[in-house]
Every structure is written in structure tokens, then in C-alpha cells.
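Hi,

Here is the structure I promised to pass on. Have a look at it first, then read my notes below.

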Amino acid sequence: MSDELNYVDWFRHSSPYINAHRGKTLVILIPGEAFESANFSNIIHDLALLDSLGIRLVLVQGARPQIDRVLQERQLLSRIEDGFRVTPYDQLNDIIQASAAVRVQLEAQLSMGLSNTPMANAGLRVCSGNYVVARPLGVVDGIDYGHTGEVRRIDRDAIFRLLEDDNMVLLPHLGFSPTGEVFNLKAEDVATQAAIQLKADKLIILTEDEGIFDHNDQLFSELLAHQADTILAQNGLTPITRDALEACLMAVRAEVPRAHIISFNENGGLLSELFTRDGSGTMIDEDSYERLRLATIEDVGGMMQLLAPLEEKGILVRRSRELLENEIEQFIVIERDGAIVACAALYPFEQERAGELACVAVSPEYRGSNRGERLLKGIEAEARQKGLESLFLLTTRTAHWFIERGFKETTLASLPAKKQALYNYQRNSKIFLKQL
């Protein structure tokens with residue numbers, strides 16, 4: 001019974017995400033390494049499920065290890081320069097052959113749908129064709145890249161017609177020129193340009209890694225563009241992960257709303273990233289999908305859920321719904337995908353040019369990621385805008401956190417007279433002050 005309740009709870013929480021993704025366009029890069037993963041059949045099932053939910057899918061197929069294997073069998077030397085495979089004419093047919101074998105494998109797997117389920121005969125349709133127009137990479141720093149190319153344009157109109165007719169679209173890492181030549185492309189380049197030119201809602205790149213990790217081996221659930229720049233500059237990534245991060249960064253800077261790096265080895269990783277609040281991989285965003293903003297009356301319910309555990313422990317003074325509604329204009333909140341995960345209040349004493357920082361709360365699930373810092377900076381900015389010159393607060397449990405951020409202990413006599421009259425001697429709160 002507990003498993004059933006867990007499922008019901010998960011489904012209720014995922015339904016807003018399911019609704020939000022319906023009709024959206026996702027470009028998903030499936031590298032050649034994913035085809036050899038033990039989790040590949042689960043990825044196929046997840047793609048079929050996404051299609052059934054009304055999500056428009058453009059799949060980009062890589063074939064790096066398969067090409068390596070074919071060339072090794074023929075005892076041909078494969079040369080990689082600056083992340084691109086040099087493609088001499090005498091290797092082009094071998095590369096086409098390896099790519100075609102992978103494409104056929106993917107189309108065959110998708111044709112199965114969800115076997116042994118009511119969706120087994122859902123009739124998933126996958127269309128592929130010459131939708132990527134390419135040009136030669138040419139000679140760079142004295143290196144002739146031969147039939148290695150780069151994306152010139154994506155046939156947007158043709159792809160949109162297929163998507164509107166409920167087809168998945170499959171783009172191989174091969175492109176074609178108006179003169180009839182075939183070029184070997186970098187799969188990340190195809191995926192990035194497809195996402196940009198199709199104005200996709202998301203670019204998703206499947207990799208062997210779970211995502212991007214910091215120097216303490218902690219997974220970044222979200223990276224802003226400037227943080228991604230810093231990580232790339234440190235040069236500590238594997239070449240494949242670097243290519244993935246560079247592709248995601250390029251996409252979001254070209255106005256693709258979000259890009260994701262997800263492990264192809266994690267069962268359900270794709271679904272978890274799309275349909276749960278915290279996801280499973282790393283999301284790259286030009287701007288944070290957490291918003292710091294002024295609170296509105298619609299936030300009161302979420303704020304009460306956030307504050308209740310802290311009020312029960314005596315960390316915060318209990319506030320009724322009526323009081324929160326009356327004082328809502330004093331609050332700022334951090335909203336994460338529609339949920340209130342942090343809040344704080346500023347009560348100005350304009351005559352004394354001082355403000356009280358109060359009701360600072362961060363959900364236990366989201367502590368440790370500088371959200372408290374963001375709240376404090378938001379309150380300080382609001383105080384300066386109101387012409388206040390100092391902030392004070394009363395606390396019983398979190399003194400050191402505020403001391404580390406420039407607050408100094410002071411006396412009751414330093415507070416505005418109105419606040420002194422309301423001081424609760426039973427709580428015996430310590431008083432801290434910071435000059436702005």
C-alpha cells in the first residue's frame with residue numbers, strides 16, 4: 001500500500017510538469033556510447049512515453065565509438081583535431097556505414113514502442129532525411145579536415161511539418177551540401193544548431209557522466225552561464241563532457257530557454273529531469289529558474305507551509321494567515337518552479353531610517369546553496385531603495401550566520417522606540433545591527 005501511495009504522491013507532483021511540457025519541442029542528443037549502454041532499452045521506453053504525452057521530439061544521433069570500431073577493423077588511422085574527427089575521402093564511406101547501422105538500430109528500437117504494455121501498438125513514427133545542410137570545415141591552422149563539416153542550416157519548415165503530423169524526427173550526424181556532398185558532422189554541433197534554429201524549448205544531451213560536478217564531487221543541479229564559463233576555463237572536464245557543456249552553453253546564449261546534461265546510464269534519468277522539481281542531471285540556464293521577487297497574496301499558502309516547521313521549533317514567531325495576508329507587502333520570496341522555497345520580510349522604520357529584517361526562512365530541502373545569501377541581498381537592496389541606512393534583527397538561534405555577514409550585536413536601546421516597546425523578554429532574543 002505504501003508503494004501505491006508513493007506512486008500517487010509522485011504522480012500528483014509530476015502532473016504540473018507533464019502539463020507544462022505538452023506541445024513543447026525537445027532536441028535530444030543520443031551519443032553512440034548510449035547505444036551500448038545496458039540502460040538503452042529504458043531510454044527507448046522513456047522516449048516513447050514522452051511522445052505519448054504530446055512532447056515533440058527531435059533526436060540527434062551520434063556514432064563515435066561505432067565509427068572508431070569500423071576504422072580500427074579496417075586498420076585505418078582516425079585523427080581527432082580540436083574535437084573534430086578529420087574525415088579523409090577514403091574513410092567517408094566507412095563513417096557513413098557505421099552511422100547508418102546506428103540509425104537503423106535506433107529506428108528499429110523505436111518501432112517496438114512499449115512492448116508488453118497497452119502502448120505496444122502505439123505506432124510511433126520516426127522520420128529521417130536530408131534536413132541538415134552542411135558546409136566543409138575546410139583547412140584550419142594548416143589541417144585539411146577533408147569531409148568533416150559544420151552545420152550551415154537546418155530545414156526548419158520540413159521538420160516542423162513532420163512534428164505537427166505527430167512524428168519524431170531523427171537527425172544523424174551527417175549533413176549534405178547543395179552540391180550533393182556528404183559531410184561528417186559533430187553530433188553536438190547538429191544538436192545545438194537544431195535547438196537554436198528550431199527555437200526548441202530544451203536541448204538535452206545524454207552523456208556517460210551524471211552531469212557537471214564541483215571540486216568537491218558534488219553534482220551541480222543547475223549552472224548559470226557564467227558558472228559554466230568558469231568550469232570550462234578550469235579545463236578539468238573529459239573531452240566528451242566538455243563538448244556537451246559547450247553545446248549547452250551555446251544553446252542557452254542563443255535563447256534556448258534551458259539545456260540539460262543527463263546520464264544515459266541512469267534508469268529514468270530523462271523522466272526525472274523533466275518531471276520532478278529537482279531533476280537528476282545538470283541544467284544550464286542563462287538566468288536562474290529560481291526567481292527572487294516581491295511576495296503576493298497568492299504566496300501566503302506556500303509561505304505558511306515553509307514557516308510552520310520553524311514556528312513549531314520556536315525559531316520563528318508564529319504568524320497567522322491573517323497577519324501574513326496583512327503584511328504580505330513586506331515580504332520577498334524565492335520561487336522555484338512555482339513553489340515558495342524561501343522568504344524574508346523587511347519592516348521599515350522610516351523616521352529612524354532603519355529596517356527590521358525578520359522571518360528569514362529557507363526550506364530544509366534547499367539549504368546550502370546560498371539562498372539565504374540571496375534573501376539577505378534582496379532585503380538590503382529593498383532597504384536601500386527605501387532610503388534606509390541600517391538593518392537590525394532579533395534572533396535566538398542563528399546569530400553566527402548573521403555575524404558572518406556583517407551584523408554586530410547591539411543593545412535594545414539602539415532599536416526604534418516602537419520596536420523597543422514590543423520586545424518580548426520571554427524569548428530573550430539577541431539583537432544585531434548592520435549599517436548599509
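Eight strands form an open sheet in the order S5-S10-S2-S1-S13-S15-S16-S14, with mixed pairing (strands are DSSP E runs of at least two residues, helices are H or I runs of at least four, both numbered from the N terminus; two strands pair if DSSP finds at least two bridges between them). At the edges sit strand S5 (126–128) and strand S14 (222–224), each pairing on one side only. From one strand to the next, the twist averages 20°.

Before you go on: this is a predicted model, where local features need pLDDT of at least 70 and side-chain atom pairs count only at 80 or more, while totals for chains, interfaces and linings use all residues. Residues are numbered from 1 along each chain as its sequence is written, and side-chain values use heavy atoms, leaving out hydrogens and water.

Inside the sheet, strand S1 (residues 25–30) and strand S13 (residues 202–207) run parallel and are joined by four bridges. Leu29 stands opposite Ile205 in S13.

Now the cores (sets of buried Ala, Val, Leu, Ile, Met, Phe, Trp, Tyr and Cys residues joined through side-chain atoms within 4.5 Å; buried means under 20% relative accessible area, with a 1.4 Å probe and protein chains only). The largest nonpolar core has 46 residues, and Val27 and Leu245 are among those with the most contacts inside it. Helix H9 (residues 239–253) gives the largest share of this core, seven residues. Another core, of 37 residues, lies apart from it and includes Tyr17 and Met168.

Finally, Val86 is in the loop between strand S4 (84–85) and helix H5 (89–111), and is buried at 8%.

Cheers

Methods: Buried means under 20% relative accessible area, exposed over 50%, partly exposed in between (1.4 Å probe, protein chains only). Axes are lines fitted to C-alpha atoms, for helices over the stretch in contact, and angles run from 0 to 180 degrees between N-to-C directions.
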